[in-house]
Amino acid sequence: MIRLQDITVAYGSRVILNHINLDIRDGETLGILGASGSGKSTILRLIIGLQKPSGGHIFIDGQDITGFTEDEMDQVRLHMGMVFQYSALFDSMSVGENVAFGLRQHRKLPEEEIRKIVREKLHLVGLDHVEDMMPNDLSGGMKKRVSLARAIALEPRVILYDEPTAGLDPLRSMDINRLIVTTQSQLHTTSVIVTHDMESAFFVADRLAYLENGVFRLIADKDTFRDSPDEHIQRFINGGLMRQEGRCAP
Ligand SMILES: Nc1ncnc2c1ncn2[C@@H]1O[C@H](COP(=O)(O)OP(=O)(O)OP(=O)(O)O)[C@@H](O)[C@H]1O
């Protein structure tokens, strides 16, 4: 389990996260929602150790990782995969090299074994025979798939997704949503997804957490969330869905 306990993040006097608590259960898919700038990506950065909190503690499987050194965090990160907002592939490396990157860094495996794993992971995300292509030759949806293949190459127990459907058209977004669900069920990962995309959130997540003014206004299973009597939450849900249906300006 991942536990954020009494976490505060502040930049000078500007408080982004204000004593928040969050438990992410093993094997669940948690969606984190909230307005732009509310601190959603900050939560992912805290979990993967790219950022330290100003106060509070982060536990992973009962271990307090808050004060971990970079070397200690590297060990923790071996069990985590991250799909970044804009895929964040290395443009100068082929698709195969991108997916193999973590394997080459962390596993002493024969080249043939690495190639086999790369093919397997690319196959899992629905991409065959693309190892020799360069990222710039891929569509946005394909880049996201490669990014996911790279994230799962080391068979992580936790996958963090930052806006996985951002910039994709509705059909490609749904492809990625299905892939997130398939990946979760095949690898039994714990997944955390930061998104603005309400349709995606309701499709992939078991629970949803809504961040506002530095605190969680609501954390609930998705049916409870959808039926919340909180008008603000309803406006957020309906606003988001209306935007996706093109019924109001972004
Ligand atoms: N290094 C920094 N110095 C000052 N403020 C920062 C810094 N990094 C992030 N912030 C601020 O922290 C807030 C939260 O950022 P974060 O990226 O977590 O938001 P978010 O909810 O993921 O936003 P978006 O949906 O737009 O990606 C933002 O208002 C951002 O401007």
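View 1. M80 belongs to strand β6, residues 80-83 (strands are DSSP E runs of at least two residues and helices are H or I runs of at least four, numbered from the N terminus). The model is predicted: local features need pLDDT of at least 70, side-chain atom pairs count only at pLDDT 80 or more, and totals for chains, interfaces and linings use all residues. Residue numbers start from 1 along each chain as its sequence is written. M80 is buried because 23 other C-beta atoms lie within 10 Å; the cut-off for buried is 20 or more such atoms, with C-beta atoms placed from the backbone, while 12 or fewer is exposed and in between is partly exposed. Beyond neighbours within four places in sequence, M80 is in contact with I48, P156, V158 and L160 (contact: C-beta atoms, placed from the backbone, within 7 Å). T189 is 109 residues from M80 in sequence, with 9.4 Å between their C-alpha atoms.

**View 2. The nonpolar core.** The largest such core has 58 residues, and those with the most contacts inside it include I32, V99, L160 and V192. A nonpolar core is a set of buried Ala, Val, Leu, Ile, Met, Phe, Trp, Tyr and Cys residues joined through C-beta atoms within 7 Å. Outside four places in sequence, the contacts of V192 are I24, L30, I32, L44, I47 and L160.

**View 3. Helix α3.** In helix α3 (residues 95-106), V95, N98, V99 and A100 are buried. Their cover includes α4 (111-124) and α5.

Notes. Contact = placed C-beta atoms within 7 Å.
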